[in-house]
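Biologist: Let us go through this model by question and answer. Please end each answer on what was asked.

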Amino acid sequence: MIILATKSQTRIQLLANTGIDFKTETARIDEREIESSATSSTFDQQNLTQNLADAKAKNVSSRHPQALVVGADQTLSINDSYLHKPANFDALRDQLQLLRGKTHILCAAVSVCRDGEVLWGQQSDAKMTMREFSDAEADHVIKLEGDKLLKSVGGYRLEGPSIQLFERIDGDYFTILGLPLLPLLTALRELKAI
Ligand SMILES: Nc1nc2c(ncn2[C@H]2C[C@H](O)[C@@H](COP(=O)(O)OP(=O)(O)OP(=O)(O)O)O2)c(=O)[nH]1
């Protein structure tokens, strides 16, 4: 049995769209605690993101040792600082203004675990360059998308009207949505899970 260790509707939909049969369970970890203990040393977004994905997979695997558990995480950095899912619409507007006209990095990591042991993991980055959009343009996107934007680390959903806020995107679509799907499918085939 495959378990996706997430509460993310985006990740659930991405994996469901593949036709693979799986169950979901939320990982019970303190992401901020893991992040704060990591950022005391050098800034290493890939390593932090992979550690978070591993931690989510291991946490659920501890409750389902026979299952193949997939964990994933996504971090956003700009100028070596992390941003997180906006808490409300004011924070969302502030975050979009911070990202406006600049390039930020999305890193998505995925991990496959069984009986508490990480069998495979990989992460990938995407470089996201936003336009110098106006406040009115941002408000229009927020009006169209609503609180779904608060569930996204960048405060945007690439597959929706948010795309109007972007100048350039360098990276894999699935990485941007938070689940490096193609490497995951390869790993699941190699593990004879699909
Ligand atoms: N639909 C959509 N979702 C996005 C996009 N960019 C990021 N996201 C979502 C995917 C994840 O749900 C979220 C990244 O935050 P996390 O990695 O902390 O995951 P989250 O807390 O949502 O769920 P999880 O930790 O897996 O239970 O942002 C996008 O362009 N479109």
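Biologist: What phi does D115 have in the turn between β5 and β6?

Modeller: This is a predicted model, where local features need pLDDT of at least 70, side-chain atom pairs count only at pLDDT 80 or more, and totals for chains, interfaces and linings use all residues. Residues are numbered from 1 along each chain as its sequence is written, and side-chain values use heavy atoms, without hydrogens or water. Strands β5 and β6 form a hairpin with 2 residues between them (strands are DSSP runs of E, at least two residues; helices are runs of H or I, at least four; both are numbered from the N terminus). D115 is in that turn, and its phi is positive, about 50°.

Biologist: Over how many bridges do β5 and β6 pair?

Modeller: Two strands count as paired if DSSP finds at least two bridges between them. In this sheet V110 stands opposite Q122 in β6. β5 and β6 (residues 117–130) are antiparallel, and the count is 12 bridges.

Biologist: How many of the 12 residues of β5 are buried?

Modeller: Buried means under 20% relative accessible area, exposed over 50%, and partly exposed in between, with a 1.4 Å probe and protein chains only. β5 spans residues 103–114 and is largely enclosed by the rest of the structure, because the number of buried residues in it is 9.

Biologist: Which residue of β5 is the bridge partner of T75?

Modeller: β3 also pairs with β5, in the antiparallel sense over 9 bridges. Within β5, the partner of T75 is C107.

Biologist: Is D73 buried or exposed?

Modeller: The UniProt entry, which is unreviewed, places the feature "active site" at D73; such annotations may be inferred rather than shown by experiment. D73 lies in strand β3, residues 68–78. Its relative accessible area is 3%, so D73 is buried.

Biologist: With which side chain does the side chain of D73 make a polar contact?

Modeller: D73 touches residues including R11, K56, C107 and G178, not counting those up to four places away in sequence (contact means heavy atoms within 4.5 Å). A polar contact is a pair of N or O atoms within 3.5 Å; within protein, one must be able to donate a hydrogen and the other to accept it, and residues adjacent in sequence count only if both atoms are side-chain atoms. For D73 the distance is 2.8 Å, and the partner is the side chain of K56.

Biologist: What is the relative accessible area of N79?

Modeller: N79 is found in the loop between β3 and β4. Its phi is near 50°, a positive value in a residue other than glycine. N79 is exposed, because its relative accessible area is 68%.
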